[in-house]
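Dear colleague,

I am handing over the structure we spoke about, and below it you will find notes on what came out of going through it. Please read them with the coordinates open beside you.

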Amino acid sequence: MYIVPEHEIATLLTRQAAFDAVEKVFAAMASGEAYNFPVVREAIGHEDALYGFKGGFDRAGKALGLKAGGYWPNNLEKRGLINHQSTVFLFDPDTGKPHAMVGGNHLTALRTAAASSVSIRHLARGDAKVLGMVGAGHQATFQLRAALEQRAFEKVIGWNLHPEMLANLEKVAQEAGVGFEAVALEEMRAADVIITITSSFDTILMPDHVSLGTHIAAMGTDTKGKQELAPKLLARAAVFTDEVAQSVSLGEAQHAVSQGLTEAGDIREIGAVINGQVAGRTDADEITVFDGTGVGLQDLAVAAALVGLAIKKGVAIEVEI
Ligand code: NAD
């Protein structure tokens, strides 16, 4: 089997490679060729850690395996390590033998950024000029960098609960040669595309913070109880997701569904839009929401692409097992 260490990932994996792998696996999910296994997530009663597995099988891409990992809140303070820790394991679907072990930390950041970018590619208006960012933490910089490649954005506006963190976004915008402005939530009305990527457990974006025709990539809510959008905002939008089952149980749609404002049948898979099986945006005034919950197949698809790149560049470590 091959090992691709975490420290090799940043130089091996381009945003384009992550985008292509995620777009392809979303399409495979919608055509029934790929499916995710039930997610396991446990509070292990040690170091306040949350640990779990996200796995699946993509028959089309021949990717079988899982991402194991989670959140260790004391890592940074106690050990100088990042709090999110994960590793991807791939198996040969023909034999069940292990195929690869791949560092999953940088991979997770890039595959999550790729998901919102895929949604912008397929659902945002072609003439989108202003990109709104809600959230300015670790993941936000990855989302912003990738999103800027999807449309000819002329300006980035940003809001964050902790305003001092907005400098993270300003730096990325500057590097891309795009202006940046810190704004109040009400001023998100100027945005054509909004990405939300916070760890909030309460509504942030209200219906009157969003203009007609906006595409919202809601990326922060990946656990029961988390929330970024007002359920009424979601209910009046055309809603798309990576996986409907996750969207209604642990994604942003969980709240609108539990309040009876929307139901699973109203939510479409982004992969079906990519495949042309269902319509995406149907008019310029429609508000579209992508509920990006994060599925194991994204990790497997990007890890499989990475292993190929690592073997080609001679940096994959081969071991007998
Ligand atoms: P981070 O800790 O680096 O940043 C957290 C962000 O949330 C900061 O902008 C912070 O100011 C903001 N925030 C914290 N508490 C808040 C509150 N009560 N209200 C509003 N904002 C608040 O975390 P990160 O790595 O940037 O991750 C952000 C979120 O994205 C997390 O919830 C994480 O679980 C989620 N995530 C989702 C996916 C996915 O596939 N959908 C993948 C990775 C991370």
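This is a predicted model: local features need pLDDT of at least 70, side-chain atom pairs count only at pLDDT 80 or more; totals for chains, interfaces and linings use all residues.

To begin with a pair of helices, α5 and α6 pack against each other at an angle of about 25°, and their axes lie 9 Å apart. Since angles under 35 degrees count as roughly parallel, that value makes α5 roughly parallel to α6. The crossing in which α5 passes α6 is right-handed. The residues that meet there are Ala140, Thr141, Leu144 and Arg145 on the α5 side, and Asn168, Leu169, Val172, Ala173 and Glu175 on the α6 side.

Among the elements, strand β3 (residues 40–43) has the lowest mean pLDDT, at 93, while strand β11 (residues 193–196) has the highest, at 99.

Staying with α6, which spans residues 166–175, its buried residues are Leu166, Leu169, Val172 and Ala173. Viewed down the axis of α6, these buried residues fall within an arc of 120°, so they line one face of the helix. Lys171, Gln174 and Glu175, by contrast, are exposed on the other side of α6. What covers the buried residues of α6 includes the strands β8 (130–134), β9 (155–159) and β10 (179–182), together with α5 (138–147). Just after α6, Gly177 takes a positive phi of about 75°.

From α2, the residues Ala18, Ala21, Val22, Val25, Phe26 and Met29 meet Leu297, Gln298, Ala301 and Val302 of α11.

Glu47 has a positive phi of about 60° although it is not a glycine. Asp48 is in the loop between β3 and β4 as well, and its phi is near 55°, again a positive value in a residue other than glycine. Asp48 is exposed, with a relative accessible area of 62%.

Leaving aside neighbours within four places in sequence, Thr108 is in contact with Lys67, Ser86, Gln139 and Asp299.

Arg151 is placed in the loop between α5 and β9, and it too counts as buried, at 16% relative accessibility. With neighbours within four places in sequence again left out, Arg151 is in contact with Ile120, Arg121, Ala124, Arg125, Gly126 and Ala128. The C-alpha atoms of Arg151 and Thr11, which are 140 residues apart along the chain, are separated by 25 Å.

With best regards

Methods: Residues are numbered from 1 along each chain as its sequence is written. Side-chain values use heavy atoms; hydrogens and water are left out. Buried means under 20% relative accessible area, exposed over 50%, partly exposed in between (1.4 Å probe, protein chains only). Helices (H or I, at least four residues) and strands (E, at least two) are DSSP runs, numbered from the N terminus. The arc is that of the directions from the helix axis to the C-beta atoms. Contact means heavy atoms within 4.5 Å. pLDDT is the predictor's confidence in each residue, from 0 to 100. Axes are lines fitted to C-alpha atoms, for helices over the stretch in contact, and angles run from 0 to 180 degrees between N-to-C directions. Angles under 35 degrees count as roughly parallel, over 145 as roughly antiparallel, 65 to 115 as roughly perpendicular and the rest as oblique. A crossing is left-handed if the near helix is turned anticlockwise from the far one by less than a right angle, and right-handed if clockwise.
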